[in-house]
There are 4 protein chains.
Amino acid sequence: MVCIYVNYQILKCNKRVCISVLLARFDFTQGILERLDAGEIVIGDGGFVFALEKRGYVKAGPWTPEAAAEYPEAVRQLHREFLRAGSNVMQTFTFYASDDKLENRGHTQRFTGQQINEAACDLAREVANEGDALVAGGVSQTPSYLSCKSENDVKAIFKKQIDVFVKKNVDFLIAEYFEHVEEAEWAVQVLKTTGKPVAATLCIGPEGDLNKVSPGDCAVRLVKAGAQIVGVNCHFDPETCVKTVKMMKAGVEKAGLKAHYMTQPLAFHTPDCNCQGFIDLPEFPFSLEPRILTRWDMQKYAREAYNAGIHYIGGCCGFEPYHTRALAEELAPERGFLPAGSEKHGNWGSGLEMHTKPWVRARARRDYWEKLKPASGRPFCPSMAMPDGWGVTKGHADLMQQKEATSQEQLKALFNKANKSH
Amino acid sequence: MVCIYVNYQILKCNKRVCISVLLARFDFTQGILERLDAGEIVIGDGGFVFALEKRGYVKAGPWTPEAAAEYPEAVRQLHREFLRAGSNVMQTFTFYASDDKLENRGHTQRFTGQQINEAACDLAREVANEGDALVAGGVSQTPSYLSCKSENDVKAIFKKQIDVFVKKNVDFLIAEYFEHVEEAEWAVQVLKTTGKPVAATLCIGPEGDLNKVSPGDCAVRLVKAGAQIVGVNCHFDPETCVKTVKMMKAGVEKAGLKAHYMTQPLAFHTPDCNCQGFIDLPEFPFSLEPRILTRWDMQKYAREAYNAGIHYIGGCCGFEPYHTRALAEELAPERGFLPAGSEKHGNWGSGLEMHTKPWVRARARRDYWEKLKPASGRPFCPSMAMPDGWGVTKGHADLMQQKEATSQEQLKALFNKANKSH
Amino acid sequence: MVCIYVNYQILKCNKRVCISVLLARFDFTQGILERLDAGEIVIGDGGFVFALEKRGYVKAGPWTPEAAAEYPEAVRQLHREFLRAGSNVMQTFTFYASDDKLENRGHTQRFTGQQINEAACDLAREVANEGDALVAGGVSQTPSYLSCKSENDVKAIFKKQIDVFVKKNVDFLIAEYFEHVEEAEWAVQVLKTTGKPVAATLCIGPEGDLNKVSPGDCAVRLVKAGAQIVGVNCHFDPETCVKTVKMMKAGVEKAGLKAHYMTQPLAFHTPDCNCQGFIDLPEFPFSLEPRILTRWDMQKYAREAYNAGIHYIGGCCGFEPYHTRALAEELAPERGFLPAGSEKHGNWGSGLEMHTKPWVRARARRDYWEKLKPASGRPFCPSMAMPDGWGVTKGHADLMQQKEATSQEQLKALFNKANKSH
Amino acid sequence: MVCIYVNYQILKCNKRVCISVLLARFDFTQGILERLDAGEIVIGDGGFVFALEKRGYVKAGPWTPEAAAEYPEAVRQLHREFLRAGSNVMQTFTFYASDDKLENRGHTQRFTGQQINEAACDLAREVANEGDALVAGGVSQTPSYLSCKSENDVKAIFKKQIDVFVKKNVDFLIAEYFEHVEEAEWAVQVLKTTGKPVAATLCIGPEGDLNKVSPGDCAVRLVKAGAQIVGVNCHFDPETCVKTVKMMKAGVEKAGLKAHYMTQPLAFHTPDCNCQGFIDLPEFPFSLEPRILTRWDMQKYAREAYNAGIHYIGGCCGFEPYHTRALAEELAPERGFLPAGSEKHGNWGSGLEMHTKPWVRARARRDYWEKLKPASGRPFCPSMAMPDGWGVTKGHADLMQQKEATSQEQLKALFNKANKSH
């Protein structure tokens with residue numbers, strides 16, 4: 001192990017005792033399992049599709065990652081920001097980059113699926129090498145599964161992405177964003193053939209997967225399928241995700257198995273969601289702004305996840321680099337160093353100590369920000385919403401995926417159905 | 001004038017009549033006044049300090065732009081995103097880049113003020129040349145004024161930045177973010193010496209500047225000082241800013257003068273603010289998330305500004321590229337083209353037409369998003385807040401700016417004062 | 001003057017200094033003007049139509065007071081409760097008891113207008129004699145005015161009620177709930193013919209009457225018409241009403257005139273109302289519950305009204321006896337006595353000192369209740385509403401009153417019109 | 001059975017089909033079990049302590065019913081209002097009228113416990129005889145139990161109230177408002193000695209009693225102890241209460257037992273409560289106003305309770321007569337008649353059909369009121385609160401009840417403890 005200490009900074013802790021800590025620690029050798037086995041905290045990265053949608057490089061709806069090939073400088077810049085914020089993992093920007101999904105969305109005109117996956121690997125590796133980060137190749141759920149294709153067909157889809165990850169020699173693999181544990185098991189089985197460490201996360205809450213398999217049972221099945229790290233990502237807020245992973249951990253331990261745990265939640269508050277998560281919120285995906293977590297919400301999440309025995313702590317949709325930085329800052333006392341990005345951030349608001357207005361200077365303290373209940377500035381809006389969702393899942397005709405654009409007649413039928421459900 | 005038509009796209013309008021429009025129009029020759037005189041709509045850019053703070057390159061509190069010299073790739077990328085979103089103006093990232101402010105914040109250790117201002121000009125020009133945008137050099141209010149320095153001293157501060165703008169040959173100048181119309185007049189007087197077009201925006205609301213000079217009177221004074229474009233920026237939400245500029249316009253017209261008008265509001269809802277704007281909100285600056293505007297709020301703003309006769313329509317703190325794109329999309333029928341970034345955005349949610357879940361596909365319509373009252377997911381938080389603010393302005397001892405960091409004793413005194421005011 | 005001191009109680013004040021005060025003071029002789037001239041505080045009563053609607057004796061919509069004749073024991077009981085709560089005025093339950101209004105609503109089948117007015121006088125006098133209260137005969141706006149009947153016709157309507165009040169020898173007269181100052185002037189002119197003291201209250205806010213006559217101008221006109229006491233009642237919350245009466249007072253004083261001032265606001269929060277008040281709120285009249293004021297809100301109101309120089313302090317729709325008691329309790333230090341009903345009320349929550357649960361006992365203090373921001377328990381509801389209202393007033397065809405029930409065709413047309421306005 | 005049909009009225013249903021129904025049906029002979037066995041719906045009455053507190057006759061904190069003897073006309077009037085609203089049961093106003101409770105609160109100075117209980121029986125019988133109502137004698141939990149007195153001591157307390165109920169020959173008995181199922185069992189055992197029908201309701205939610213005995217298990221124990229009717233009252237909103245009684249019903253049925261079911265919930269929304277219910281809400285008891293249910297909320301409750309197989313449907317704290325009337329109106333189609341009080345109420349807002357303002361007339365329809373999400377008018381308040389509560393129950397020193405008033409030292413200690421818990 002080679003450690004290069006490059007900088008340090010004064011970290012003020014709660015009790016105003018000053019501690020000198022490293023601003024960044026470069027460590028080029030350890031794999032994901034070595035780190036977790038050694039009790040290290042691994043900070044994940046954030047949600048690329050949402051962040052790049054706001055920047056103009058991903059289309060909401062399809063959510064496909066062709067920007068890896070089309071606009072590499074934008075993807076590279078986002079990787080760098082997460083690295084600077086403290087991420088130890090650069091996930092390849094390959095969400096929904098399976099051939100069947102890309103074909104569904106018409107993005108193979110300019111780039112093949114292989115080109116997109118390769119470009120994503122190259123960008124992740126380039127930036128990972130600039131700091132203390134590993135590269136993780138990721139696969140996610142497929143329209144083939146939802147459309148009731150065979151196990152072999154679905155596995156063949158995963159295999160094509162895996163071939164790129166092996167060729168590009170990523171450090172480990174993540175099967176993420178699965179609503180059905182069965183499909184996740186299939187994915188893990190394919191990933192395991194590479195010999196690389198495998199993590200698997202479902203996008204489920206305490207109610208379990210879409211077939212109502214409980215979080216505990218899901219986790220046991222994933223571990224048995226070969227995943228060394230299990231957890232959840234996306235669909236729910238940090239509070240719900242930590243609760244769900246606790247149930248997973250209890251299930252795994254009750255079964256006499258062992259695993260590492262991870263959470264990569266939304267950066268949106270979702271107290272009102274049911275089993276399908278934020279997709280069903282009326283605000284998804286274009287009016288979620290009032291639900292965005294603050295950096296203080298993030299520090300709370302990092303602490304709660306850590307206290308629950310979750311050591312791989314990252315984010316998903318909605319996470320911006322400053323959210324990730326907050327995770328790294330909260331856990332700086334345990335880790336012994338701050339992320340590079342803290343160069344531009346005073347902990348607990350201390351950057352306000354020199355603010356022009358004295359009443360703003362008075363906010364330069366932890367107590368203020370921890371207790372504040374932020375107003376929405378939206379007096380005509382409620383605080384909770386009734387989720388949509390028609391209680392259907394894989395196998396239902398409504399969910400058969402098609403390649404053709406939804407027709408006006410189909411849309412009209414949907415509007416009517418949706419209006420009746422309210 | 002040279003026009004190069006590079007692309008086109010189907011623009012669906014409200015009434016589902018299909019119109020073919022250009023995706024982008026490059027036009028290298030016209031200045032800001034020629035455009036406005038010709039009745040064109042000019043889309044401004046967004047708020048760099050807030051956007052870069054979230055990305056890890058600006059420190060909240062000081063809010064200084066040393067990143068222009070320190071992390072040019074991050075600043076360049078943000079310029080590119082706003083250009084792609086439809087901005088016709090690249091403002092130099094020189095907010096709070098006056099020597100007195102930089103010195104106050106200790107950022108001249110690595111870079112001189114001149115270096116920062118020059119780097120900012122180079123980045124703005126580089127990206128402006130990639131599209132149809134002008135470069136605007138910007139100055140903002142100074143700690144010298146707040147600390148009661150003389151008119152000559154304050155003007156000398158502006159002069160140093162202007163020297164760089166002239167050397168780098170920016171296309172026009174903006175005096176922005178002034179709380180006192182008197183200081184803005186001084187700034188305009190300095191800017192006018194360059195012979196370049198001058199815009200001036202105050203960060204005020206309907207109550208007027210901090211000495212209670214009304215918006216109408218402020219605008220008249222700025223026009224008389226030589227500004228060809230007047231308006232407001234920052235501190236208030238779009239609704240309030242449009243209201244304020246309407247008052248400015250009425251004042252200018254009543255005085256028999258002529259001007260162009262601009263707004264660069266926050267991307268935060270601020271119905272509860274008083275005269276000093278969002279600075280005084282308890283949520284400023286670290287818990288403003290629930291107040292962030294949606295893209296639909298932005299389309300409403302663009303329409304209202306345009307209807308009010310405001311043709312320079314941009315943004316300030318909180319604006320992300322997708323917010324700016326929404327302005328350009330709303331006014332595409334008037335302008336005849338969509339921004340390049342609309343390549344990755346279906347208008348009024350049409351990108352959802354192919355969503356996996358049919359109940360989400362049912363949201364692919366204008367009517368849905370326009371009427372939705374988004375929930376905050378924060379049932380323990382209120383919708384409005386009581387602003388802080390001690391009713392003091394320039395001349396009050398509390399506002400004398402100091403170079404030294406606020407001491408613990410000073411902070412303690414502030415906490416006590418703040419607690420009493422609640 | 002004969003004073004009979006009947007009881008006393010320990011009144012704990014803010015500073016926990018104990019003061020012995022009288023529980024009730026019976027004073028049989030002084031009239032309303034003598035009291036106000038002497039600087040006494042007069043506590044009004046509450047809103048009978050709303051309170052009796054909840055009890056089952058008034059029909060929402062018509063809002064007519066036939067219960068005075070039909071169910072006298074229910075009306076008598078409510079009078080007694082307000083008397084016990086500290087009211088010094090028993091208003092005759094004669095709201096909307098003009099013959100034209102009663103006829104419009106079909107309530108003259110069982111009782112004539114005269115019978116209802118007489119019964120109301122008898123009940124008010126009976127209960128007033130049980131304590132220290134005066135009887136006030138009240139008239140309110142008429143459908144005749146709204147339907148553009150002549151001044152003579154409208155005055156004749158008032159005259160019929162006045163004849164009963166004179167016969168029953170009430171102590172003074174109130175013209176209340178007028179949306180147009182012109183009609184209120186006519187009413188005052190009729191009331192003045194009796195020689196009794198006359199009070200006049202409009203149901204207006206800071207924007208003035210429905211013809212936009214300002215509060216100050218309205219007040220001047222009422223005083224010139226002969227009213228000795230002027231103010232507002234109904235339609236707005238206490239905060240708005242106090243603000244409006246301040247404007248009235250400023251107008252009267254500017255005109256070199258003199259008057260006493262009164263407020264009888266709603267017990268509903270109405271920050272979102274426009275000029276027509278709570279009638280236009282979507283919640284009116286059947287879903288106003290979330291807006292009901294607490295007793296602590298009422299104490300704040302009493303203090304603010306008193307500080308504004310308003311000495312006749314009462315209530316209107318939504319006031320229950322405990323609301324009125326809160327007014328009397330807040331002003332007990334100034335008045336020197338508590339109301340009889342305080343026998344069953346510990347001030348500032350002190351009744352909780354013996355509560356079973358210790359954490360509830362911890363709420364037995366002023367500081368707790370004054371600062372509490374009460375939750376609505378309605379996370380799917382907003383905090384503010386957009387008022388209806390079509391911007392029409394007297395003279396518009398939509399407001400011509402008819403005797404016949406609204407037909408299904410008319411209702412259907414209204415629904416369509418209302419839906420379009422949103 | 002003698003039925004006297006006295007009146008009828010047009011009842012408009014959803015589909016605007018007109019149905020003629022009876023306004024009231026007098027039926028003098030059937031007992032509570034005969035009615036429920038016959039499938040009749042029994043409408044309970046509302047919460048006397050809260051309603052009379054607002055009217056000035058009950059002191060919040062002690063909540064004792066000495067008004068039955070002190071102010072009989074006020075209690076009689078409230079009974080009459082509930083009868084008129086449709087209640088079939090007049091509960092004796094004997095809540096917290098056990099000798100140990102009264103002694104704790106110092107109310108035996110003027111009246112003995114026996115006098116209060118007797119007066120309450122006489123008032124209930126007097127009014128019950130005016131309509132179709134039964135008299136129910138009620139007992140509730142005792143401070144003796146909380147202070148760990150013996151089973152014999154606690155039973156002796158109940159016995160003293162029962163002696164009065166037998167002497168006054170009430171129609172049936174209710175053991176209500178028990179937080180511990182054990183104490184409720186003891187109460188049922190005592191009540192059963194009278195030979196009268198016995199109902200038993202706990203003030204618990206889905207989490208069960210304060211010792212975490214589940215609702216299902218609680219219900220089984222109560223039925224085995226001899227209760228023929230079981231359910232819940234107070235502490236939670238209707239939605240929570242219906243959910244809890246469903247769990248009770250499932251438990252009873254699973255155990256192969258039979259019972260009738262009842263709910264008497266709060267008229268306050270309590271989505272944020274934990275196991276101890278609304279007592280622990282920060283708003284209890286003086287700032288609950290924003291949580292009050294509308295009449296439309298009540299109709300929803302009545303329907304849901306009926307659909308869940310609950311046929312004894314009443315209310316508790318917060319219920320005003322109009323709330324009870326809404327229950328009777330919702331179930332009028334099933335029962336075949338409306339309550340007498342509907343004489344003054346148009347169903348689903350139809351009373352607005354003749355309103356002065358046409359936009360208010362447009363609200364005269366079910367669709368409008370059912371869908372309306374009422375605003376609170378309180379933009380500075382949240383929608384949910386964090387309950388207090390220290391996780392202690394019977395047996396903990398903090399809950400030992402004392403006769404002496406809480407001292408200033410004790411209160412100060414409580415404040416400190418409470419502040420720490422937040």
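## Contacts of A:Cys317

Leaving out residues within four places in sequence, A:Cys317 is in contact with A:Gly47, A:Val49, A:Phe50, A:Cys234 and A:Leu266; two residues are in contact if their C-beta atoms, placed from the backbone, lie within 7 Å. A:Cys317 counts as buried because 26 C-beta neighbours fall inside 10 Å. The term buried applies at 20 or more other C-beta atoms within 10 Å of a residue's own, exposed at 12 or fewer, and partly exposed in between, with C-beta atoms placed from the backbone. In chain A, A:Cys317 sits in the loop between β12 (312–313) and α13 (321–330). Helices (H or I, at least four residues) and strands (E, at least two) are DSSP runs, numbered from the N terminus.

## Model and numbering

This is a predicted model, in which local features need pLDDT of at least 70 and side-chain atom pairs count only at pLDDT 80 or more, while totals for chains, interfaces and linings use all residues. Residues are numbered from 1 along each chain as its sequence is written, and chains are lettered from A and ligands numbered from 1 in the order in which they are written.

## Annotated cysteines in chain A

According to an unreviewed UniProt entry, the feature "binding site" is placed at A:Cys234, A:Cys316 and A:Cys317. UniProt positions are given in the numbering used here, feature names are shortened, and annotations may be inferred rather than shown by experiment. The three positions are spread over 84 residues of sequence, yet they cluster in space, with a largest C-alpha distance of 6.4 Å.

A:Cys234 belongs to the loop between β10 (229–233) and α11 (238–254) of chain A. A:Cys234 is buried, since 28 other C-beta atoms lie within 10 Å. Not counting residues up to four places away in sequence, A:Cys234 touches A:Tyr177, A:Cys203, A:Gln264, A:Leu266, A:Cys316 and A:Cys317.

## Chain interfaces

Between chains C and D, 87 residues of chain C are in contact with 86 residues of chain D. On the chain C side, α2 (48–55), α4 (72–85), α12 (295–307), α13 (321–330), α15 (358–361) and α17 (408–420) each supply at least two residues. The largest share of that side, six residues, comes from α4(C). By class, the residues on the side of chain C that touches chain D are 42 nonpolar, 20 polar and 25 charged. Ala, Val, Leu, Ile, Met, Phe, Trp, Tyr, Cys and Pro count as nonpolar, Asp, Glu, Lys and Arg as charged, and the others, Gly among them, as polar.

Between chains B and C, four residues of chain B are in contact with four residues of chain C. The side of chain B that touches chain C has two nonpolar residues, one polar and one charged.

## Backbone geometry

Most residues other than glycine have a negative phi, and most peptide bonds are trans. A cis peptide bond joins C:Phe284 and C:Pro285, with omega about -5°. C:Pro285 lies in the loop between β9 (260–264) and α12 of chain C. In chain D, a cis peptide bond joins D:Phe284 and D:Pro285, with omega about -5°; D:Pro285 lies in the loop between β9 (260–264) and α12 (295–307).

A:Asn169, a residue other than glycine, has a positive phi near 55° and is found in the loop between α8 (151–167) and β8 (172–178) of chain A. A:Asn169 is exposed because 11 other C-beta atoms lie within 10 Å. For C:Tyr96, also not glycine, phi is positive and near 55°. C:Tyr96 is in the loop between β4 (89–91) and α5 (99–105) of chain C, and counts as buried because 23 C-beta neighbours fall inside 10 Å.
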